[in-house]
Amino acid sequence: MTTMPLPDRYPQLQNTRRQGLNFLGIEPNLIGRSKSPAFFVTKPTPDRYPPKIAVAAVRLLAYLISKPLWFVRFNGRQNIPPESAGGIIIASNHQTYIDPVWICIPLSRRVRYLAIEKAFHWPVIGSVIKYLGAFPVKQTDGLSVSTIKVALRSLREGAAVIIFPEGER
């Protein structure tokens, strides 16, 4: 991550609380034992997608487990536009915790998920969903600016953004 010092023309940001800086791309860094933080503007880094081979392996494993246990079938695969057609939004109902896995299986494109923030703190699941492209949604009155930015950036990159309008399971 490349950082540069915050210009002096932004003195109003010097006393801003840490959580209020994230959506501006500003990161406070404490230097030594100083009581006042030094602020840096961070350049945005591109979203990381897991390697295609890893995603293919997870999809295959999920399919091999899901087919005999839940008799999962996929109808209408021909209606899924190719990645070259641009980004798509998939809005699904949320009946089980396995829904995101089942939605991902027939897709042969990069996928991003909006996932409830507390799921990122679950022992194994949190690491796996983060690695596979999920990003957190805080349960507040509305979506945060950073969540919307990540979703829009993913759509511009041609990814499928999966949302569950019903909210958490």
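This is a predicted model: local features need pLDDT of at least 70, side-chain atom pairs count only at pLDDT 80 or more; totals for chains, interfaces and linings use all residues.
A residue is called exposed when its relative accessible area is over 50%, buried when that area is under 20%, and partly exposed in between.

The structure holds three aromatic pairs. A pair of aromatic rings is described by the distance of the centres and the angle of the planes. For one of the pairs, formed by Tyr 97 and Trp 122, the ring centres are 6.0 Å apart and the planes meet at 85°. An angle over 60 degrees counts as edge-to-face, and the pair of Tyr 97 and Trp 122 is therefore edge-to-face. Tyr 97 belongs to the loop between strand E4 (88-91) and helix H2 (99-104), while Trp 122 belongs to the loop between strand E5 (111-116) and helix H3 (125-131). The pair therefore ties together parts that are 25 residues apart in sequence. With a relative accessibility of 55%, Tyr 97 counts as exposed, whereas Trp 122, at 32%, counts as partly exposed.

An aromatic ring also takes part in a contact of another kind. The charged end of Arg 110 sits over the ring of Tyr 49, at 4.6 Å from the centre of that ring.

Four strands form an open sheet in the order E4-E7-E5-E6, and their pairing is parallel. E4 and strand E6 (134-137) stand at the edges of the sheet. Each of these two strands has a single partner strand, so one side of each is left without a neighbour in the sheet. From one strand to the next, the twist averages 25°.

The pairing can be followed strand by strand. E4 is joined to strand E7 (residues 160-163) by four bridges, and the two strands run parallel. Within this pairing, Ile 89 stands opposite Val 161 in E7, and Ala 91 stands opposite Ile 163 in E7. E7 is also joined to E5, by three bridges, and these strands likewise run parallel. Here Tyr 113 stands opposite Ile 162 in E7. In a regular strand the side chains alternate between the two faces of the sheet.

Definitions and conventions:
Residues are numbered from 1 along each chain as its sequence is written. Side-chain values use heavy atoms; hydrogens and water are left out. Rings of Phe, Tyr and Trp (its six-membered ring) pair if their centres lie within 6.5 Å; planes under 30 degrees apart count as stacked, over 60 as edge-to-face and the rest as tilted. Buried means under 20% relative accessible area, exposed over 50%, partly exposed in between (1.4 Å probe, protein chains only). A charge sits over a ring if NZ of Lys or CZ of Arg is within 6 Å of the ring centre and within 35 degrees of the ring normal. Two strands pair if DSSP finds at least two bridges between them. Axes are lines fitted to C-alpha atoms, for helices over the stretch in contact, and angles run from 0 to 180 degrees between N-to-C directions.
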